[in-house]
Each structure stands twice: as C-alpha cells, then as structure tokens.
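Q: I am new to reading protein models. Please pick one part of this one and take me through it closely, step by step.

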Amino acid sequence: MPRTLGLAHVNLNVSDIDRSVRFYREVFGLELLSDETETIQKDGQPVELRQALLSTPGRQDLLALSHAASFPIGRGGLNHIGFNFESDEDVRTAIQAVPHHGEKVVKEGEREEGGVREVFAYVQDPDGYYVEMATQAIVLSASRAPQ
C-alpha cells in the first residue's frame, strides 16, 4: 500500500482572492506560496483563472484559493475544512481573530471524550465555507491508544 504524507490539498473557489488570502494568513497563520493568473479552457471558452496557494509553515499541505468569473462560489456540498492547532490557546487566539475580518464564529465551545478535552470552533470564511478549528486531541489520542 502506498504511503501518503497526509491531506495533499483542498481547493476552494472564492469571490475575492486578496480578502481570502488575508483571512487564511491572519487567522490560521498560513504562508502564501504563489499567486498566479493563467488562461484556461472551460466549456471550450478561454477563462482567466487566478489561484493563490497557501500552506501551513513547515508542513506539506496546500490550500488553493481559486477565482474565475464563471466558477461557482460557496459550499456546494462541502461540509467543512479544518485546521489542527498545537494548543487550545492557539485555537482561542484564532477565534478572536475571526471577527476582525468581518467573518462569523458559528459555534464554539469545549468538548470531552474519554478523559480528553479540547477547545473547538466552527467559523465561516469570506465566502461562507465552514472551517473547523481544534487541536483534534480527542481524535488523535484515540488513534494512538494501545490496541
């Protein structure tokens, strides 16, 4: 069985690349890897596509933010994406940053399972995508438990 390095990438269609890049950099600490515009073919027609690639510093993940006039924007079947933080305090700091970008905290709180407790939140990004923020301590501790 081939080994993966984890989640490779997520691509979101967005209405304003600059606004979305600011949100993901300032709330989640992602770094901008590239921001390019190219002409692609869609339904036999040339379409100008702008795409920004971001990543968690020191990791091998990618968040692609794409914009083209004819691309649909919004959730369209996507439940949510998520970011794992190193600590509950990092989650709280990110929660506090969300309203500064004019965006909304949908749900926040603490959850506990099997003696493991964590802070979590669900927020909306500038295009209405739901983003989960947590340490994922509950999930990760369960996956590391002795069998």
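This is a predicted model: local features need pLDDT of at least 70, side-chain atom pairs count only at pLDDT 80 or more; totals for chains, interfaces and linings use all residues.

A: Start with the whole chain. The protein has three helices and eight strands. From the N terminus on, the order of elements is β-α-β-β-β-β-α-β-β-β-α. Of its 147 residues, 35% count as buried.

Now the helix itself. Helix 1 covers residues 17-28.

Next, look at which residues are hidden. In helix 1, the buried ones are Ile17, Ser20, Val21, Phe23, Tyr24, Val27 and Phe28. Around the axis they cover an arc of only 160°, so they sit on the same side of helix 1. An α-helix has 3.6 residues a turn, so residues three or four places apart point the same way.

Turn to the two ends. Just after helix 1 comes Gly29, with a positive phi of about 75°.

Ser15 is in the loop between strand 1 (9-13) and helix 1. Is Ser15 buried, exposed or in between? Its relative accessibility is 37%, so Ser15 counts as partly exposed. The side chain of Ser15 makes a polar contact with the side chain of Arg19, at 3.0 Å. Another polar contact, at 2.5 Å, joins the side chains of Ser15 and Asp127. Leaving aside neighbours within four places in sequence, Ser15 is in contact with His67, Ile73 and Asp127. Pro72 is 57 residues from Ser15 along the chain, yet their C-alpha atoms are separated by 9.0 Å.

Asn13 lies in strand 1. With a relative accessible area of 18%, Asn13 falls under the 20% cut-off, so Asn13 is buried. A polar atom of the Asn13 side chain lies 3.1 Å from the backbone oxygen of Pro72. Not counting residues up to four places away in sequence, Asn13 touches Ser66, Phe71, Pro72, Ile73, Gly74 and Tyr129.

What does helix 1 lie across? The answer is strand 5, strand 7 (116-124) and strand 8. Helix 1 runs at about 15° to strand 8. These strands belong to a sheet. Four strands form this open sheet, in the order 5-8-7-6, and the pairing is mixed. The edges are strand 5 (81-84) and strand 6 (105-113), and each of them pairs on one side only. On average, neighbouring strands of the sheet are turned by 20° against each other, direction ignored.

Look at one pair in that sheet. Strand 5 and strand 8 (residues 130-134) run parallel, joined by four bridges. Asn84 stands opposite Ala134 in strand 8. Another helix packs on the sheet too. Helix 2 (residues 88-97) touches strand 6, strand 7 and strand 8. The direction of helix 2 makes about 20° with that of strand 7.

Compare how helix 2 hides its residues. The buried residues of helix 2 are Val91, Ala94, Ile95 and Ala97. They cover an arc of only 160° around the axis, so they lie on the same side of helix 2. Their cover includes helix 1, strand 6, strand 7 and strand 8. That brings us back to the helix we started with.

One last stop lies further along the chain. Ser55 is in strand 3 (residues 45-55). With a relative accessible area of 5%, Ser55 is buried. A polar atom of the Ser55 side chain lies 2.7 Å from the backbone oxygen of Asp61. Leaving aside neighbours within four places in sequence, Ser55 is in contact with Leu30, Glu31, Leu33, Asp61 and Leu62.

Key
Residues are numbered from 1 along each chain as its sequence is written. Side-chain values use heavy atoms; hydrogens and water are left out. Two strands pair if DSSP finds at least two bridges between them. Helices (H or I, at least four residues) and strands (E, at least two) are DSSP runs, numbered from the N terminus. Axes are lines fitted to C-alpha atoms, for helices over the stretch in contact, and angles run from 0 to 180 degrees between N-to-C directions. Contact means heavy atoms within 4.5 Å. Buried means under 20% relative accessible area, exposed over 50%, partly exposed in between (1.4 Å probe, protein chains only). A polar contact is a pair of N or O atoms within 3.5 Å; within protein, one must be able to donate a hydrogen and the other to accept it, and residues adjacent in sequence count only if both atoms are side-chain atoms. The arc is that of the directions from the helix axis to the C-beta atoms.
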